[in-house]
There are 2 protein chains.
Amino acid sequence: MKDLKERIRKEGQNLGNGILKVDSFVNHQVDPVLMDGCGREFARRFEKLGATKVLTAEISGIAPALTTAFHLGIPVVYARKTKPITMPDQVFLTLAPSHTKGRMVELIVSPEFLANHEKVLIIDDFLASGATILGLVRLAEAAGSQVVGIGALIEKSFEHGREVLNPLKVPIETLACIRSMEGNNIEFCDDLPSA
Amino acid sequence: MKDLKERIRKEGQNLGNGILKVDSFVNHQVDPVLMDGCGREFARRFEKLGATKVLTAEISGIAPALTTAFHLGIPVVYARKTKPITMPDQVFLTLAPSHTKGRMVELIVSPEFLANHEKVLIIDDFLASGATILGLVRLAEAAGSQVVGIGALIEKSFEHGREVLNPLKVPIETLACIRSMEGNNIEFCDDLPSA
């Protein structure tokens with residue numbers, strides 16, 4: 001998606017070790033107009049799937065998941081990383097590594113919202129190693145729902161998450177794909193090879 | 001706001017100790033159409049203030065803050081509760097008690113996004129004791145910005161947060177106000193007194 005790629009080119013920072021800082025429009029400060037556009041684009045790409053719920057992980061997945069759910073006219077559920085006191089004692093819980101925290105985090109959903117054989121569209125900010133998204137897939141399936149599609153704003157193809165998710169045989173859509181962050185560069189998957 | 005009140009009447013659960021569970025449309029599962037309506041209403045009520053940024057606290061503030069920011073056409077910043085590795089070493093940090101976690105949590109913002117004498121509109125899901133919102137006020141002011149308004153989806157007037165915030169002398173708007181959660185009831189501020 002052109003708007004998102006331009007924004008990454010302009011404001012994204014390569015912090016090294018494959019860490020892309022997009023704190024000025026996705027991860028700390030959020031551009032709601034850009035997020036709305038991304039949600040509209042996800043809704044367009046996934047509209048034929050008949051999804052009944054969007055599922056994401058707090059925190060940074062919430063904005064794109066919310067706008068996607070808005071444009072599809074369905075609810076969004078965000079997996080919690082800590083269990084709030086409003087949640088029932090029986091929950092679905094899985095562990096996933098956090099890239100930006102450098103440790104395992106819990107992903108928790110209440111059976112109240114995923115147990116009705118939902119058709120689940122997973123939306124997150126990044127598709128990197130695929131580990132968080134796989135965690136969400138496990139939660140959805142444990143709850144008796146079916147994952148029908150996966151979307152992420154930004155794919156880091158050099159971390160091979162797509163290969164991890166391909167066996168699920170569901171459509172995977174990303175709005176900006178980065179193939180390399182060697183040195184200080186941010187190279188997009190569709191950039192022409194440098195001479 | 002009628003839609004929000006009706007939803008609380010229908011799906012809100014009084015868990016005792018002043019805890020209102022609204023996990024089916026605000027806090028775990030989110031109704032994006034309702035959130036969009038709430039954001040539109042906040043934007044209408046606050047449009048004259050000339051706000052330049054919306055500020056909220058992760059996690060549950062993100063949805064209403066995002067939709068408000070969208071309808072005002074300005075960015076939203078969400079204070080983090082843990083410092084991600086993408087954030088600079090120098091940050092603004094304050095402590096606020098978490099109602100649903102029963103302990104103090106950190107609220108952290110990067111100087112990158114609040115240091116330009118912004119006019120800050122604070123949006124959160126709940127106005128209860130006012131402690132989280134006061135924490136956000138401290139962050140905004142420490143960063144050199146000015147708070148121009150405060151909005152929350154649901155006010156629990158029996159926890160007196162409004163009195164705590166009144167000395168700030170900024171408009172405070174809430175879209176549903178609950179005056180009592182005695183017994184199993186949820187009594188709204190504008191309900192007629194029972195006979």
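Is B:Lys169 buried or exposed, and how many other C-beta atoms lie within 10 Å? B:Lys169 is exposed, because 6 other C-beta atoms lie within 10 Å (a residue is exposed at 12 or fewer such atoms, buried at 20 or more and partly exposed in between, with C-beta atoms placed from the backbone).

## Basis of the model

This is a predicted model, in which local features need pLDDT of at least 70 and side-chain atom pairs count only at pLDDT 80 or more, while totals for chains, interfaces and linings use all residues. Residues are numbered from 1 along each chain as its sequence is written, and chains are lettered from A and ligands numbered from 1 in the order in which they are written.

## Strand β9 of chain B

Helices and strands here are DSSP runs numbered from the N terminus (helices are H or I with at least four residues, strands E with at least two).

β9(B) pairs in the parallel sense with strand β8 (residues 119–127) of chain B over eight bridges (strands pair if DSSP finds at least two bridges between them). In this pairing B:Leu121 stands opposite B:Gly149. With strand β10 (residues 172–180) of chain B, β9(B) forms six bridges, also parallel, and there B:Lys156 faces B:Ile178.

## Where the chains meet

Contact links 34 residues of chain A with 34 residues of chain B (C-beta atoms, placed from the backbone, lie within 7 Å). On the chain A side, α4(A) gives the largest share, five residues. By class, that side has 19 nonpolar, eight polar and seven charged residues (Ala, Val, Leu, Ile, Met, Phe, Trp, Tyr, Cys and Pro are nonpolar, Asp, Glu, Lys and Arg charged, and the others, Gly among them, polar).

Strand β3(A) and strand β5 (residues 76–79) of chain B run antiparallel and are joined by two bridges. A:Val30 has B:Val76 as its bridge partner.

## Backbone exceptions

Most residues other than glycine have a negative phi, and most peptide bonds are trans. A:Asn17, not a glycine, has a positive phi of about 55°, and B:Lys169 has a positive phi near 55°. B:Lys169 lies in the loop between α6 (161–165) and β10 of chain B.

A cis peptide bond joins A:Glu58 and A:Ile59, with omega about 10°. In chain B, B:Glu58 and B:Ile59 are joined by a cis peptide bond with omega about 10°.

Technical notes. Contact = placed C-beta atoms within 7 Å.
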